[in-house]
Amino acid sequence: MLKLCFIVCLVGSVWSSADIKTDEGVLVLNKDNFEAAISDTEFILVEFYAPWCGHCKSLAPEYAKAAKKLEEKQSAIKLAKVDATEETDLAEKHGVRGYPTLKFFRKGSPVDYTGGRTSDDIVNWLLKKTGPVAKELGSVEEAKSFIDGDNVVVVGFFKDQDSSAAKVFLEAAATIDDHPIGISSSDDVFSEYSASDGNIILFKKFDEGKAVMDGEVTEQAIKKFVAAQSLPLVVEFNHDTAQKIFGGEIKSHLLIFLSKEAGHFDKYLDAARESAKDFREKLLFVSINSDEEDHQRILEFFGMKKEEVPAMRLIRLEEDMAKYKPEDPEITADNIKNFVQGFLDGNLKQHLLSQTLPDDWDKTPVKVLVSTNFDEIAFDKSKDVLVEFYAPWCGHCKQLAPIYDQLGEKFKDSDSVVIAKMDATANELEHTKITSFPTLKLYTKGENKVIEYNGERTLEGLTKFLESGGTYGQAAPDEAEEEDEDDDLPRKDEL
């Protein structure tokens with residue numbers, strides 16, 4: 001499960017670090033030198049890590065590269081790290097709850113790090129937080145050096161930097177942390193890059209090489225343009241790209257499941273890239289390697305087995321997360337375009353998972369529901385129907401199972417109460433979205449009101465809930481009783 005907890009300390013003033021040990025250019029801090037480092041340095045980025053943490057191990061080489069790049073730029077910003085398993089008091093003081101955690105200290109005051117985890121992401125975030133939001137490019141030489149310096153840069157071309165459009169550009173630049181932003185009013189720079197007044201151009205070292213923004217210049221439009229154009233036509237899902245994919249401005253994604261071992265990437269990605277050109281800024285194309293063990297839960301989320309790969313699915317990451325499946329599963333340029341266009345036109349029906357209804361679904365005290373019989377049973381106006389939405393792997397669901405069976409036994413002869421359960425990882429409902437397990441909902445007789453149970457998970461508590469018509473147990477649980485993470489569906493950043 002992906003964890004995006006960072007603590008960043010940016011060290012930037014001139015000071016002597018001779019007494020502090022370094023590891024590949026990164027300062028090693030402990031309880032004896034931490035306070036002096038952050039108070040005597042204007043900007044310092046600090047990583048709190050655990051030696052055994054896989055994400056920390058992945059970050060380590062990128063963190064060291066970032067330190068080297070800052071040194072090459074002769075930046076006063078410093079990178080540091082703290083072994084939080086050794087320096088437990090420091091970790092507790094700075095609210096470390098996961099690894100790695102990064103915090104940015106400006107003159108001793110901490111700010112949460114919100115950038116990415118590549119060396120370029122780290123450097124760009126730090127430079128943006130410690131300098132002007134956009135670098136002034138007054139000559140062709142400055143512009144060339146700036147554009148050649150990173151994989152992705154954005155430049156605004158404005159003859160009048162006090163114009164309303166230029167001000168909007170700078171406002172947007174202040175919110176874009178992942179990429180360097182430049183601005184120019186130089187005639188020579190305009191000529192060198194064939195730019196017109198008001199152009200916003202994203203330069204990149206992949207795909208088409210550059211992109212010019214079209215349409216109205218608004219802060220939101222600029223951010224969406226940069227988010228779409230700064231990523232490859234087809235983005236490979238991994239630890240480094242997850243945050244940019246699911247935390248970006250574009251909320252609709254085409255997910256293409258492929259096997260590298262089977263040669264699918266070479267066989268199918270060209271067709272995907274060609275199709276993606278027509279839908280940039282509307283929809284993000286993402287490839288997922290089904291061979292990766294970490295990606296198996298994503299397949300399960302879509303009700304897929306590895307044998308179905310290569311395959312594609314669409315997902316809309318709004319409040320009501322919706323999934324779509326193509327009628328023709330073959331991955332060709334035409335099929336991709338038809339599938340995506342049908343989605344954008346609103347012509348696709350949501351793909352809802354459903355198990356086959358067991359023949360003996362109603363032979364036990366706790367009735368078994370699937371998508372196909374749910375409405376008929378739950379919305380029966382002559383009965384109160386309590387439904388447990390569970391996941392087979394959920395620890396809390398397993399703890400509840402014997403209690404829930406007892407509840408079923410208690411009401412098995414009732415003419416007005418039904419106790420039921422549904423595997424919500426294999427069955428989905430268009431009108432009800434389940435995000436954590438177990439979830440208990442009472443569908444009342446008569447009005448068919450839906451009341452969620454938040455009381456204690458005991459036979460007595462559940463019985464009172466039913467006998468009170470859903471009044472008992474509606475209060476929110478105490479923080480201490482909140483569900484563990486392994487009882488949640490995959491979050492957007494984990495998909």
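## A parallel pair to start with

Strands β8 (residues 152–157) and β9 (residues 181–184) run parallel and are joined by four bridges. Two strands pair if DSSP finds at least two bridges between them. Within this pair, V154 stands opposite I181 in β9.

A word about the model itself: it is predicted, so local features are given where pLDDT is at least 70 and side-chain atom pairs where it is 80 or more, while totals for chains, interfaces and linings use all residues. Residues are numbered from 1 along each chain as its sequence is written, and side-chain values use heavy atoms, with hydrogens and water left out.

## The sheet around β8 and β9

Both strands belong to an open sheet of five strands with mixed pairing, in the order β7-β9-β8-β10-β11. Its edge strands, β7 (135–136) and β11 (210–212), each pair on one side only.

On to β10 (200–204). This strand runs antiparallel to β8, with five bridges between them, and V155 stands opposite I201 in β10. Three bridges pair β10 with β11, again in the antiparallel sense, and here I201 stands opposite V212. The hairpin of β10 and β11 has five residues between the strands, and D207 takes a positive phi near 50° in it.

## A strand enclosed on both faces

How many residues of β10 are buried? Five of the five are, so the strand is largely enclosed by the rest of the structure. Buried means under 20% relative accessible area, exposed means over 50%, and partly exposed lies in between (1.4 Å probe, protein chains only). Both faces of β10 are covered, with I200, L202 and K204 buried on one side and I201 and F203 buried on the other.

K205 lies in the loop between β10 and β11. Leaving aside residues up to four places away in sequence, K205 touches I147, D148, D150 and N151; contact means heavy atoms within 4.5 Å. From K205 to N289 the separation is 84 residues in sequence and 24 Å in space, C-alpha to C-alpha.

## A helix across the sheet

Helix α6 (residues 164–173) lies across β8, β9 and β10, running at about 165° to β9. Such angles run from 0 to 180 degrees between N-to-C directions, with axes fitted as lines to C-alpha atoms, for helices over the stretch in contact.

Which residues of α6 are buried? They are A166, V168, F169, A172 and A173. Seen down the axis of α6, the buried residues fall within an arc of 160°, so they line one face of the helix. The arc is that of the directions from the helix axis to the C-beta atoms. An α-helix has 3.6 residues a turn, so residues three or four places apart point the same way. The cover over the buried residues of α6 includes α4 (119–130), β8, β9, β10 and α8 (219–229).

Seven bridges join the parallel strands β18 (residues 384–390) and β19 (residues 417–423), and K421 in β19 is the bridge partner of E388.

## Cysteines

A search of the whole structure finds zero disulfides, a disulfide being a pair of cysteine sulfur atoms within 2.5 Å. C53 is buried, with a relative accessible area of 6%, and C56 is buried too, at 5%.

## How confident is the prediction?

pLDDT is the predictor's confidence in each residue, from 0 to 100. The protein chain has a mean pLDDT of 87, and 92% of its residues reach 70 or more. Among its elements, β10 has the highest mean pLDDT (97) and helix α9 (residues 242–246) the lowest (80).

Over residues 475–486 pLDDT stays under 50, and the model has twelve contacts beyond four places in sequence for them. Residues 489–495 are also below 50, with 32 contacts beyond near neighbours in sequence. Where pLDDT is low, the predicted coordinates should not be read in detail.

Notes. Helix = DSSP H or I, 4+ residues; strand = E, 2+ residues; numbered from the N terminus.
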